[in-house]
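Colleague: I have a few questions about how this chain is packed. Could you take me through them?

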Amino acid sequence: MMTLSAAPAWAFSIDDVAQQAKELAGKGFEAPKSNLPSQFREMKFADYQQIQFNHDKAYWNKLNTPFKLEFYHQGMYFEYPVKINEITANKASEIKYSPDYFNFGNVKHDADAVKNLGFAGFKVLYPLNKADKNDEIMSVLGASYFRVIGKDQVYGLSARGLAIDTALASGEEFPRFREFWIERPNPDEKHLVIYALLDSPRAAGAYRFDLYPGRETTVDVQAKVYLRDKVGKLGIAPLTSMFLFGPNQPSPTMNYRQALHDSNGLSIHAGNGEWIWRPLNNPRHLSVSTYTIENPKGFGLLQRGRDFAQYEDLDDRYDLRPSGWVETRGDWGKGRVELVEIPTADETNDNIVAYWSPEKLPDAGQPLDLNYRLHFTREEEKLHSPDLAYVKQTLRSAGDVKQSNLIREPDGSTALLVDFVGPVLKALKDDTPVASQVSVNDNADMVENSVRYNPVTKGWRLTLRVKVKDPKKPVEMRAALVNGDKPLSETWSYQLPANE
C-alpha cells in the first residue's frame, strides 16, 4: 500500500518577501537610519579597505557545502546596516553581526562603538577555478548593486535590482536592498538561492536570485515590484559599467593602453529578430540613447575583444572582465532599451547604464512581475546570431584623401572603420559583391562609403567618412552589410558625440 508523505510544514518563497514589499509600498517610505560612529562614516577608502573579513570565519565554513559566505563591514558611504538571514529546513534566522568576524588592520576603534553595528553586504565564495580554493564569485554591496563573475574572470560591470529616474533632471533615486534571506545549500548543491527585499521612496520589491557558478556564471532573477508613487522612468534589469576610451574614441592624452573600459558596446536582440550593436562613448555631455522595441529577447553591455594586447593593463585586466547579458523570460511587451552615457575623467566612475523601461507601469498595489536570466560571460560570440556577421571593432580617425603624390592629406572629415566578422562572411568568396546600407542624420554629409574584403579577419571592412556640420550636436549613424537583398550583419548603430 502506498502512503503519501506529508508536504514539508515550512517553506520560504518569494511570496513571503512579496508580502513584505506590498506592505511597505502601501505606506510612506521610512528612510534608513545610520548607526555609524563618525570615525567610520568619515573614513577614506584606504581605511575602509583595512577592515578585512577573517577568512577562517567564513559562514558555512564547517559545513559540507561548496558555497561559503563572507560579509562587508559598515563604513564610509556604506553607512546603513543590511539585515542578512539564513534559511534552513525549518526556519529563517538572522546572521548576527560580530566584530570578531573582522580584522580591523590599522583602524583604531572603540570596541563599544562597533558592537551594535551590522553588515553592509556580503560575498559568495565557491571553488570556481580550483577544487581546493574558494573564489569570490558574487559581491553584494551598496544600494541594489551586485557583481558576479565566472571562471577565469575578474570583476567588471555591475548589475542592479532596479533603477529609478536615471538621467532625469529631477535626479536619480537609488533603490536599496535592505534585507536578504540566503538558503543554506546542501552538500551537493550546484546553485545558491538568495531572496532580497528592496525599498525606495517610490518603490518596494521582492527578488529571488538563483546563482549558478561556472565557466559562464548565470543568475536567474524573479521579482515582484510594487510602486508607491509615480515614477518618471523605471529601469528594469539595469547594468552599470565604465567606458573611458577605446579605438572608437582614443585617449585624449598619450596612454600605452589602446582601450580602458569594462564594456565597449550595447548589444540588443530585438523582438523582430534584429541585432543592434552600439559602441559606447565617454561623451562631453550627458547622453541618452533610446531603442523602442516590443518584446526584447535580450540586451547587454559587452566587452568585445579579448586580446590582452588591446588593453595592456597587468593590474586591472580589462581583457578578463565579463560581458553582462540580460536574457528576457516571457513577454516584456512594449518599451525601450535605454543607454545612458555620462562624462567621466577617470576609470573610478561607472559612467554607463543600460536598462529596459516598460511603456506601461503597474497601478499602485499591483506588482510588476519580472523574469530574466543574467549571463556573466567572456564568450561574446554566443551572444549574437550565428547567421549574421557582427562588429569586431570600430576605429575612429581623422579623415584623409591620398593625393597623386601618395601623401595622405586630411580633408576635415571624420573617418570610421568598422570591421564585420563571423562565419557567415568567412563562408563567402572574397569577390562576393558585399555592399553597405548606411544612413546618417542631417548633422553630417557622407563623403565616403566603401566596403572591402579584409583578408586578415576573413570579413569585410566598412569605411565611412563624414563631414560634421555642427560640432555642438552629435551625429547619428546606422550601417549594415548586405548581399543583394540578403542582410549579412547586425546593425551598427553609432553616435559620433558632440565635441564641444
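Colleague: How many residues does the largest nonpolar core have?

Modeller: Bear in mind that this is a predicted model. Phe71, Phe122, Val124, Tyr207 and Leu374 have the most contacts inside the largest nonpolar core. Strand E6, residues 119-130, gives the most to this core, with 6 residues. The core has 82 residues.

Colleague: Another core lies apart from it; how many residues does that one have?

Modeller: Among its members are Trp277, Leu302, Val424 and Trp460. This other core has 27 residues.

Colleague: Which strands stand at the edges of the open sheet of 4 strands?

Modeller: The order in this sheet is E26-E27-E30-E29, with antiparallel pairing. Two of the strands each have a single partner strand, so one side of each is left without a neighbour in the sheet. Those edge strands are E26 (390-402) and E29 (444-454).

Colleague: Which residue in E30 is the bridge partner of Tyr453?

Modeller: E29 and strand E30 (residues 459-468) run antiparallel and are joined by 10 bridges. The partner of Tyr453 in E30 is Trp460.

Colleague: Is Ser493 buried or exposed?

Modeller: Ser493 is placed in strand E33, residues 491-496. Its relative accessibility is 5%, and the cut-off for burial is under 20%. Ser493 therefore counts as buried.

Colleague: With which side chain does the side chain of Ser493 make a polar contact?

Modeller: Leaving aside neighbours within four places in sequence, residues in contact with Ser493 include Trp277, Arg278, Tyr291 and Met477. The polar contact, at 2.9 Å, is with the side chain of Tyr291.

Definitions and conventions
Residues numbered from 1 in each chain as written. Predicted model: local features only at pLDDT ≥ 70, side-chain atom pairs only at ≥ 80, totals over all residues. Heavy atoms only, no water. Core = buried A, V, L, I, M, F, W, Y, C linked by side-chain atoms within 4.5 Å. Buried < 20%, exposed > 50% of the residue type's maximum accessible area, 1.4 Å probe, protein only. Pairing = 2+ DSSP bridges. Polar contact = N/O pair within 3.5 Å; in protein donor to acceptor, adjacent residues only side chain to side chain. Contact = heavy atoms within 4.5 Å.
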